[in-house]
Amino acid sequence: MHLEEFSEGNSFLHKADPRVKILVFALFSILCAISSGIKTPMLYLFYSLTLLLITRIKAKPLISRLLAANFFIAFIWLFIPLSYPGNPYITLGFIKISHEGINYALSITIKCNAIIIATITLLSTSSVFSLAHAMLHLKMPKKLVTVFFLFYRYITVIHEEYLKIKRAVALRGFIPKTNLHTYKTYAYIVGGMLIKSYERAEEIYRAMLCRGFQGFFPLFEHFQIRKSDIIFGVISTAIFILFWVKS
């Protein structure tokens, strides 16, 4: 399980200061989420796609993540056009699909994809360590940053434990089916993972205490903001303000 796949690169955004990228992303996400209609969200999506061209990240993992996210977004299209009040656009018996509902679902879809792509291009192009480091510099709560860092760091370890248990079960001839035995086996797998995660967490905690851990990670190195980072932040902010004024 490789969670930092997009952080490997040599583009401008890969080298940009994570503090600037976090601030730009926060402003982008808020303004994009509160935008209405179709035109303004499309502008934000165009901005995200521009960043995507700059990063030159791999297409295959990007498409994989977008498909996974849009699988859940697709459920919006099952309910909103049918339940949103407005003028009927299509009538199939007792089923009425409103024109306003279609526009609303389309607006949500565009905004979600714009924010997902911005997350990948702005945040995923930095390592987790750099993001946690930048969050501390932005005066975010130390405990929150520590929890974020440890969760991101050790979710890979938990996944490795899951793969070990899955291989052990497969070697014993387990074949998943739709029956009670399969449900019990998966319940045992989840229970085993919880016990192993707890034991691993205790071991890691004791090891960290032996190394002098006091509840947070001290910072020994600091970022050096460049002129290009400031220009990127100023231009992005100006673009967002222009989108907001035009909306």
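Which residues lie nearest the centre of the second largest pocket? The views below take up that question and a few others, using a predicted model.

**View A. The second largest pocket and its lining.** Phe129, His133, Pro218, Leu219 and Glu221 lie nearest the centre of this pocket, and 17 residues line it in total. Helix H6 (128-137) and helix H7 each give two or more residues to that lining. With five residues, H6 gives the most. The space in the second largest pocket comes to about 280 Å³. Sorted by class, its lining holds 11 nonpolar, four polar and two charged residues.

**View B. Where the second largest pocket sits among the domains.** Here the view takes in domain 1 (12-134 + 223-246) and domain 2 (141-211). Both domains give residues to the lining of the second largest pocket, so this pocket lies between them.

**View C. The largest pocket.** Please turn now to the largest pocket, with a volume of about 380 Å³. Its lining is made up of 18 residues, and those nearest the centre are Leu150, Tyr154, Arg200, Ala201 and Ile204. Two helices, H7 (142-171) and H8 (180-210), each supply at least two of the lining residues.

**View D. An aromatic pair between helices H6 and H7.** Across the whole structure, a search finds 12 aromatic pairs. One of them is shown here: the ring centres of Phe129 and Phe149 are 6.4 Å apart and the ring planes stand at 70 degrees, which makes the pair edge-to-face because angles over 60 degrees count as such. Phe129 belongs to helix H6 and Phe149 to helix H7, so the pair ties together parts that are 20 residues apart in sequence. Are these two partners buried or exposed? Phe129 has a relative accessible area of 55% and is exposed, whereas Phe149, at 17%, is buried.

**View E. A cluster of aromatic rings.** Which residues do ring pairs link into a cluster? The members are Phe28, Tyr44, Tyr47, Phe240 and Phe243. As you look at the rings, keep in mind that a pair of aromatic rings is described by the distance of the centres and the angle of the planes.

Notes. Residues are numbered from 1 along each chain as its sequence is written. This is a predicted model: local features need pLDDT of at least 70, side-chain atom pairs count only at pLDDT 80 or more; totals for chains, interfaces and linings use all residues. Side-chain values use heavy atoms; hydrogens and water are left out. On a 1 Å grid over the protein atoms alone, a cavity is a set of points where a 1.4 Å probe fits but cannot get out, and a pocket is an open set with protein on both sides within 12 Å along at least five of seven lines; lining residues have an atom within 4 Å of a point. Grid points are joined across faces, edges and corners, and a volume is the space filled by probe spheres set on the points. Helices (H or I, at least four residues) and strands (E, at least two) are DSSP runs, numbered from the N terminus. Ala, Val, Leu, Ile, Met, Phe, Trp, Tyr, Cys and Pro count as nonpolar, Asp, Glu, Lys and Arg as charged, and the others, Gly among them, as polar. Domain bounds come from an automatic or database domain assignment. Rings of Phe, Tyr and Trp (its six-membered ring) pair if their centres lie within 6.5 Å; planes under 30 degrees apart count as stacked, over 60 as edge-to-face and the rest as tilted. Buried means under 20% relative accessible area, exposed over 50%, partly exposed in between (1.4 Å probe, protein chains only).
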